[in-house]
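Here are my notes on this model. Please read them with the structure open.

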Amino acid sequence: MALITISGYPSSGKSTRAAQIHDFFFSSFQSSDSSPQLKVKVISDDDLAVDRASYDDSLQEKTARATLFTAITRHIARDTILIVDGMNYIKGFRYQLYCKAREAGVRVATVYVLATPDQCRKWNGERADGKRYKSETLDALIQRFEEPSSMVRWDAPLFTIPWDDPTPPLERISDAVTTGTVKPPNVGTQITPKAPTDALRTLEHTTNALVSALMAAQAAGPLGGPIVLTLDALDPSSNTSVNGSSVLRVRLTLPHRALTLSELQRMKRQFVAARRKAVTLGSTEKGSVEWGEEGVGRAFADFLEEGLGVGG
């Protein structure tokens, strides 16, 4: 349903606000008969056993951030309000969360817990639960903090809550994440189909087999008009063979003239080059592509008909 990103200085009261938001939605769901299937969940460093010392070192911090992102990816869903309780102080990371939310088809909101650096230092120094930041680490994190802005799409809608505000705008946050617009995924966030690992092998085998079968059939007698060629399947037991047969039958229409091996090889290279690009990129780019032997054989036959001037 929604991804709520909590942002703010370390020891600024973010977990307190995350708990308030969680309790508000939990109570709303419990008292509402119309949404019994909805869930609300908080993910934080504490839940993931990420120690505060991870922020003392940049490499450990990257690992901690990756752990958090993995957990978000696992729990984000259209029936869940997911609250990410963390500093989330890097705008690039907040943009990454925004893209993940669009990919998942859920709404987004950012809650900025606002506190002064001196107040954060005071609270951090008073902590007795073993979750205190080193003074130099806290100062460095405050200095590197990239403040959320309502002017950028990945932080909007933005709700700023001062540390001493006794009445956070819970109703407004609720309206944003339950009735706001769900932005559709763009090209950058859509999941594209991946080519199978044996796609190049299938491509080369099927096109070579079709060229060889054409030359062998022509050697046996003149060709012209519709014809059915029988090819040996690469691997009948593999997932590239659609019908599971040991042979592959390809229909195509040929011109009433002799074909040369050089022109067939030239068209084969053109076809393979176009397909190889999609395989190498790991995506289909435009439209759908069939990677199995039957799909490759049919597509190559259509390509040959067009190149030979007999395509419909």
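1. Helices here are DSSP runs of H or I with at least four residues, numbered from the N terminus. Ser174 lies in one of them, helix α6 (residues 170–179). This is a predicted model: local features need pLDDT of at least 70, side-chain atom pairs count only at pLDDT 80 or more, and totals for chains, interfaces and linings use all residues. Numbering runs from 1 along each chain as its sequence is written, and side-chain values use heavy atoms, without hydrogens or water.

2. Is Ser174 buried or exposed? Ser174 is buried, with a relative accessible area of 13%. (Buried is under 20% relative accessible area, exposed over 50%, partly exposed in between, with a 1.4 Å probe and protein chains only.) Leaving aside neighbours within four places in sequence, Ser174 contacts Phe24, Phe25 and Thr179. Contact means heavy atoms within 4.5 Å.

3. Helix α2 (residues 58–75) packs on helix α3 (residues 91–104) at about 15 degrees, with the axes 11 Å apart. That makes α2 roughly parallel to α3, a term for angles under 35 degrees. Axes are lines fitted to C-alpha atoms over the stretch in contact, and angles run from 0 to 180 degrees between N-to-C directions.

4. Which residues meet there? From α2 come Arg65, Leu68, Phe69, Ile72 and Thr73; from α3, Phe93, Gln96, Leu97 and Lys100. The residues of this contact divide into five nonpolar, two polar and two charged. (Ala, Val, Leu, Ile, Met, Phe, Trp, Tyr, Cys and Pro count as nonpolar; Asp, Glu, Lys and Arg as charged; the others, Gly among them, as polar.)

5. The buried residues of α7 include Leu203, Leu210, Val211 and Leu214.

Note on methods. Helices (H or I, at least four residues) and strands (E, at least two) are DSSP runs, numbered from the N terminus. Angles under 35 degrees count as roughly parallel, over 145 as roughly antiparallel, 65 to 115 as roughly perpendicular and the rest as oblique.
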